Amino acid sequence: MPANENLVVLPAVGNKTNQLPQVRRVILCAGTGCMANGAMKVFERFQQEIAGSGLNVILELRPEAGDRDVRLSKSGCQGFCQMGPLVSVVPDGILYTRVKATDVADIVAQTLLGGEVVERLLYKDPSTRKTCRGVEDNPFYARQSRFVLNECGLLDPEDIHEYMLHGGYGAAKKAFVSMLPEEICKTISESGLRGRGGGGFPTGRKWDAARVQNSAKKYVICNGDEGDPGAFMNRSVMEGNPHSVIEGLLIAARAIGANETLVYVRAEYPLAVERMKRAVADAEREGILGDDVFGTGLSLKCSVMEGAGAFVCGEETAMIASIEGLRGMPSPKPPFPAQSGLWGKPTIINNVETLAHVVRILNVGPEVFRSIGTKDSPGTKTFALTGHVANTGLVEVPFGTTLREIVQNIGGGVTDDAGKPIKGGFKAVQIGGPSGGCLTQDHLDLPLAYESLRAVGAMVGSGGLVVMNERTCMVNIAHFFMEFTQRESCGKCVLCREGTKQLLALLGDVMEGRATADTLDLMEKLGRAVQVGSLCGLGKTAPNPVLSTLRYFRKEYEEHVFEKRCRTGQCKSLLKPEIIAAKCKGCGVCIKACPTGAITGEKKMPHSIDPELCIKCGACAAACKLHAVEGV
Amino acid sequence: MASAPVAIDSAMKFEKVCDILARHQYRPSGLIPILQAVQHEYQYLPEEILTYVATALDVPPARVYGVATFYAHFALEPKGKHVIRICDGTACHVKQSLPVLNALHQKLGTSEKQKTSPDMMFTVETVACLGACGLAPVVVIDEQVYGQITPERAIALVNEIKLQESTQSHVSEMTAAQAVNGGSNAC
């Protein structure tokens, strides 16, 4: 393990409830994952069962709540998506997984009335076979530092009062009532907070640049256009704790002297749009947003805008164009948006997660924030852990945590295609989405931080972390990302528009056996040219997946080029259909299954395939019980 | 007489567009929300409405067309009754979302280019990421999310919808027939 003297681990989840009355709470996860697995049915059944049990369901937490009161609520994403629907019982500290409507009666009878645990619904760690009662002894949660995500899994996202009861809007009030704009900027600068959207620019410095502008009109925009395929952290925060985003906007607006804010949400996230709109309306009703913010006489408006499906709009200047009703094309910087942004006015654009961190920094102080993570990358970062890993979901860890900790300990190790844990088998992690790169076995002990990742050709990006096993072809993955960026290139810069197209074609050549000795070098040259010749982050980072796989998996590329072979069998064009003579008993099933008559052979003698006639449909392999057919 | 309903229909069309434009105060900066509202109303962006919007906002039609074609969310052709969206984000991709897409294309007679089935019943499209990566691979059918999907399950879901459709159309044919029989006096 590399030395990380600055790494301090925060207490785990569940410590925030102490200011609240100790009434029993049943919290059902209503994140996208759990909803898809039937969480709403479970919720309805809870309502019926609790009503029939003689317990009182209370709608709001009150200090005078009695013993028989149960607060039943929905929360945002609790992170452990793979095991949903999730039900937590607080303060008992129980986490039930994979809860079905039919399990509800038992939870009510045994846990709520009897005070006991329903053993069969607890999570069992597949590697240690240990049963975990709650989040404290569950390795998925216990090894995380859930700073931003904590409240996502606890609060009812549609209840502004619950948020306020948890101290919500306290930081914003402090910012408006007892802090000067320069003080706020200074606090954020001291905390060392860096933008969580990918670039990692110091937030305090960005704010200061907008603060010093002399303009009556300034804007703050929350960037919720999370277009990176394989990432859903911002979605979870907007869905699970929308008020923290609004509170962050309030603080940012106060810091730079803005009176108008806007939340730009991706169109593919309808629930996030709905929750953000509702949260804005609730905050207006409570007098938090409006013409007299916290009685200061200052006015602040907030609106929610739905994106229309363009990845490039995550780039600041493109997003501004989109808000102005134009095609989302980036423009050159300078002028920076902090000087001249939306409608030519000073504008700050912050990522959802950045804003959520701002609230916490004002609450706990910059020193505490700085004490977590590494020197140059303080604080925590959420990652969307997906792919071939046992525990998929949302994780939050301090910067400086190693990949091994995330994949092996929190993620529970690598799995096969069917989702079963396998020993070894780790091939790579794709970090940062289409702008990021691949990390290999050699990087498992690298502490994750902005600089350390950049040094190895990857980036933190928005935080997508896709684990891949040995059966994944790296050329295929590079092709997948290139296809994405090529499609999403706005077309303004020639090198990005045409270069990504050519890179995609070259990757196609490699995958289909047309590549020559020059192809790989040409790809590297072209990739570097696209990086240099593009205006915005999309083009500058588009070649990263190709360059980083070429760097770390060159041998695999060379196998494709020189041996016309794909070791994973994913590149179909390179497959050579073959019947393994030692396995074939000559039963003739494959001959009947073949639609083109490509298979011949005498009965009880090994058969053979004519590669000229074979169309690689796979019918023979599916029919053969002896698994004698390979390469189709 | 056959032209009368069409005239009424198109008048209704523009009335709704006028409502939408009024709600956004005829501001060209509101073009994207305006087009979103139009698409919400008609399921796609009909060409004559795009021209109308351009005239009403006093901007060149090229700008409206440019915006409508730039963003993936806007559709210039009508979609099928049921929209099936297959996520091809990174997590879904590495967990084999392409076989699901191919199975659906084969089942419904659709393709990469021809996204809507000939009977206008289904549209099959891929999206970059639905943000439900924990459940990969994911398919969304008419806003309902289905996780850990396999080609077989996808086909089963389509069959279910087809079955519902056929019973529904049977019922509606029956009610239509009843209405004709029962309502003959009213004519």
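Figure 1. Chain A is divided into domain 1 (16-142), domain 2 (161-368), domain 3 (380-472), domain 4 (475-562) and domain 5 (575-630), with bounds that come from an automatic or database domain assignment. This is a predicted model, in which local features need pLDDT of at least 70 and side-chain atom pairs count only at pLDDT 80 or more, whereas totals for chains, interfaces and linings use all residues. Residues are numbered from 1 along each chain as its sequence is written, and chains are lettered from A and ligands numbered from 1 in the order in which they are written. The C-alpha centres of domain 3 of chain A and domain 4 of chain A lie 22 Å apart, and the contact between them takes eleven residues from domain 3 of chain A and 14 residues from domain 4 of chain A, two residues being in contact if their C-beta atoms, placed from the backbone, lie within 7 Å. On the side of domain 3 of chain A that touches domain 4 of chain A, strand β15 (residues 437-440) of chain A gives the most, with three residues; helices (H or I, at least four residues) and strands (E, at least two) are DSSP runs, numbered from the N terminus. By class, this side of domain 3 of chain A has four nonpolar, seven polar and no charged residues, where Ala, Val, Leu, Ile, Met, Phe, Trp, Tyr, Cys and Pro count as nonpolar, Asp, Glu, Lys and Arg as charged, and the others, Gly among them, as polar.

**Figure 2. The side of chain A that touches chain B.** In this view, 43 residues of chain A are in contact with 33 residues of chain B. At least two residues of this side are supplied by each of α1 (32-36), β10 (301-306), β12 (380-387), β16 (464-469) and α17 (474-488) of chain A, and the largest share, four residues, comes from α1(A). Sorted by class, the side of chain A that touches chain B has 17 nonpolar, 19 polar and seven charged residues.

**Figure 3. The sheet around strand β3 of chain A.** An open sheet of five strands with mixed pairing has the order β2-β3-β1-β4-β5 (chain A), two strands being paired if DSSP finds at least two bridges between them. Its edge strands are β2 and β5 (94-96) of chain A, each of which pairs on one side only. Strand β1 (residues 24-29) of chain A and β3(A) pair in the parallel sense over six bridges, with Val26(A) opposite Leu72(A) and Leu28(A) opposite Lys74(A). Strand β2 (residues 56-58) of chain A also runs parallel to β3(A), joined to it by three bridges, and the bridge partner of Asn56(A) in β3(A) is Asp69(A). Five of the seven residues of strand β3 (residues 69-75) of chain A are buried, so this strand is largely enclosed by the rest of the structure; a residue is buried if 20 or more other C-beta atoms lie within 10 Å of its own, exposed if 12 or fewer, and partly exposed in between, with C-beta atoms placed from the backbone.

**Figure 4. The sheet that contains strand β15 of chain A.** A further open sheet of five strands, with mixed pairing, has the order β13-β12-β16-β14-β15 (chain A). Strands β13 (393-398) and β15 of chain A stand at the edges, each with a single partner strand, so one side of each is left without a neighbour in the sheet. Strand β14 (residues 426-431) of chain A and β15(A) pair in the antiparallel sense over four bridges, and Gln430(A) stands opposite Cys438(A) in β15(A).

Figure 5. Most residues other than glycine have a negative phi, and most peptide bonds are trans. The peptide bond from Gly84(A) to Pro85(A) is cis, with omega near -5 degrees, and Pro85(A) has its place in the loop between β3 and β4 (87-90) of chain A. In chain B, a cis peptide bond joins Ala136(B) and Pro137(B), with omega about -5 degrees, and Pro137(B) lies in the loop between β2 (122-127) and β3 (139-141) of chain B. Phe294(A), although not a glycine, has a positive phi of about 50 degrees; this residue lies in the loop between α11 (270-285) and β10 of chain A. His627(A), found in the loop between α24 (619-623) and β20 (629-630) of chain A, has a positive phi of about 55 degrees although it is not a glycine. With 18 other C-beta atoms within 10 Å, Phe294(A) is partly exposed, whereas His627(A), with 9 C-beta neighbours inside 10 Å, counts as exposed.
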